[in-house]
Amino acid sequence: MSDHRETLRADNIVKRFGAVTALDGVSLTLRQGEILGILGDNGAGKSTLMKILTGYQPPSSGRLVIDGSEVALGSVDHARSLGIECVYQDLALANSLSVYHNMFLNREILYGGPLRLLNHRAMRRRAAESLAGMGVHIPSVDLPVERLSGGQRQAIAVARAVTSDARILLLDEPLAAMGAREAGLIIDLLLRLKQEGRHSIAMIMHNYAQTLDIADRIVLMQHGKITYEKDAAATSVAELMEIVRREYRATRERTTSLRGA
Amino acid sequence: MTRPHRRVLEAFARWQEASILVVALLLIAWFENANHDFLLTNASLENLSQFVAPAAIISCGEIMLMIGGEIDLSAGMVFALAPFVMYFAAQAGIPVILALLLGLVAAGGVGLANGVITLVLGIPSFVTTLGTLFLVNGLTLTISHGTPVTPPGGPMLAQFMGAWGYSEILWAFGVVAVLHVVLRHTRWGLHTTASGANETGAREAGIRVMRIKIGNFVLSGVLSGLTGCLEAFRIGSIDPQAGGNQIMFLAVAAGVIGGTSLAGGSGTIIGGLIGALVLGVLNDGFTLIGINAFLFNIILGAAILAAMLFNTYIRRLARQGGRR
């Protein structure tokens, strides 16, 4: 897959919140049809990176290159118009709204004419079609999403991103707080998307084993920096654990020696 | 619980308007049985419509706000302010129609202030509109010197704007119809619901939550002002003490009884109209069978609590049954 063209590149992205530096010069690339797993501790800056890539927040400095041209993302809408869609950790679903309303939220299909009314019928049909096409099975697209299970909701959120003509998908912990069967639902969906090869997917993950199963390539983020990058096939859970363990010990030694002095 | 039971519960949960409509019809039947003059005379029907209309129109604005997770406590005071702005504008020589529009613009202006203070400065709307409630009330009392005046314009305008017995309820039906379509069939309505259900999520989906909510504050202001003007023309007097918190709370109660959640994320405009009808039926019905106003408040309070419990309970039951 690595011979495919580059769809997204981040060069030396820095993000500061006041005195706190959340991202300290992050560079990464994403190629057509590949799944990139982003690993790292809480507070390593993964979510901040996502928010910058989706135009939710601007970086303090650094460059973003999408399809070969440099862009300054002004808003989520702007990023979306360039084909970037994100599925956030806190699920951007509105629980009381139906599945099909959620799938078309802020991308509604409208009737023509001056009133621009919602075309519920078309949205309902398209939502049902695309969910079936992705192998996501739910009782009815009319159900409010609060009536679905966690895995089904996450699948809806991913499906929403996919149906939006997005080419670059950013997933923030797509398997968080999910049982094995529920996670299987999402993993199948992601592998199917990878097979189709039309999307570039970057996903923030916590579980190393799951990440190595799904991703083509992984990066490890620590303290706002990317400290490790490798093809998934060339590394192992043991190797990743060792890096994190080493880092943890180093931090411990630093703090104990500080306390000792 | 058996299956048919569950299906009935599900249907009730899905069509909240249906459940409250059943309550309204039962009440009407009961009062009609107790006093045959309740609905079938023109006078009492007119009376009922004039109770229902103001609560229904104001509740439309409150419902849009409540669905978005906000509330407007100043509605009853904006109600009193708008007709005075119209009156003074007309006094200054501005044509009456324009003066009326100016009254509505002023009402919308209060709504805009409510929205900007709440959304831009981040004050909870309960507090913002509590502040503007007193502020606007004081303003109305000051500019009016506390004295009622006569609405401007000729009899034609007055008839159209509320003086004819059923014109106010027709206004209410019109406003309800338009806002029902806005809520269910436009992006504005869908985005209002999304903002109330998951504000962060809505924002991340690219919805301009701030603009939507400020817009709904303006809407609530304009509808309150419109109601104030309609009532002024109906009564034939602009009273600085008109409206007030009673009508605002009736409107909120109508929305809640109709199935709108105060927590945001769900609600119905039609339900608000039926909620106002229930309140009107209770009010007129008890008056006609000779129960006094004190008791009415006890019953109103109990009705609001019962409606809330009913909605919450039915929904929870349906949800437990519905998960597959």
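**A tour of the two chains**

Show chains A and B together: 21 residues of chain A are in contact with 21 residues of chain B. The model is a predicted one. On the side of chain A that touches chain B, select helix α2 (residues 76-81), which gives the most to that side, with three residues. Coloured by residue type, that side of chain A divides into twelve nonpolar, five charged and four polar residues.

Next, the sheet. In chain A, select strands β2, β1, β4 and β5, which form an open sheet in that order with antiparallel pairing. β2 (20-31) and β5 (69-71) of chain A stand at the edges with a single partner strand each, so one side of each has no neighbour in the sheet. From one strand to the next, the twist averages 25°.

Zoom in on β1 (residues 6-17) of chain A, which is joined to the antiparallel β2(A) by nine bridges. Pick Ile13(A) and look across to Val26(A) in β2(A), which stands opposite.

The largest nonpolar core has 84 residues, and Ile38(A), Val158(A), Leu170(A) and Ile201(A) have the most contacts inside it. Select helix α5 (residues 150-163) of chain A to see the largest share of this core, seven residues. Centre on Ile201(A): among the residues it touches are Ile35(A), Leu36(A), Leu169(A) and Leu190(A).

Finally, move to a second, separate core of 82 residues, which includes Ala75(B), Phe217(B), Leu230(B) and Ile270(B).

Notes: Residues are numbered from 1 along each chain as its sequence is written. Chains are lettered from A and ligands numbered from 1 in the order in which they are written. This is a predicted model: local features need pLDDT of at least 70, side-chain atom pairs count only at pLDDT 80 or more; totals for chains, interfaces and linings use all residues. Two strands pair if DSSP finds at least two bridges between them. Helices (H or I, at least four residues) and strands (E, at least two) are DSSP runs, numbered from the N terminus. Axes are lines fitted to C-alpha atoms, for helices over the stretch in contact, and angles run from 0 to 180 degrees between N-to-C directions. Two residues are in contact if their C-beta atoms, placed from the backbone, lie within 7 Å. Ala, Val, Leu, Ile, Met, Phe, Trp, Tyr, Cys and Pro count as nonpolar, Asp, Glu, Lys and Arg as charged, and the others, Gly among them, as polar. A nonpolar core is a set of buried Ala, Val, Leu, Ile, Met, Phe, Trp, Tyr and Cys residues joined through C-beta atoms within 7 Å. A residue is buried if 20 or more other C-beta atoms lie within 10 Å of its own, exposed if 12 or fewer, and partly exposed in between; C-beta atoms are placed from the backbone. Lists of a residue's contacts leave out its neighbours within four places in sequence.
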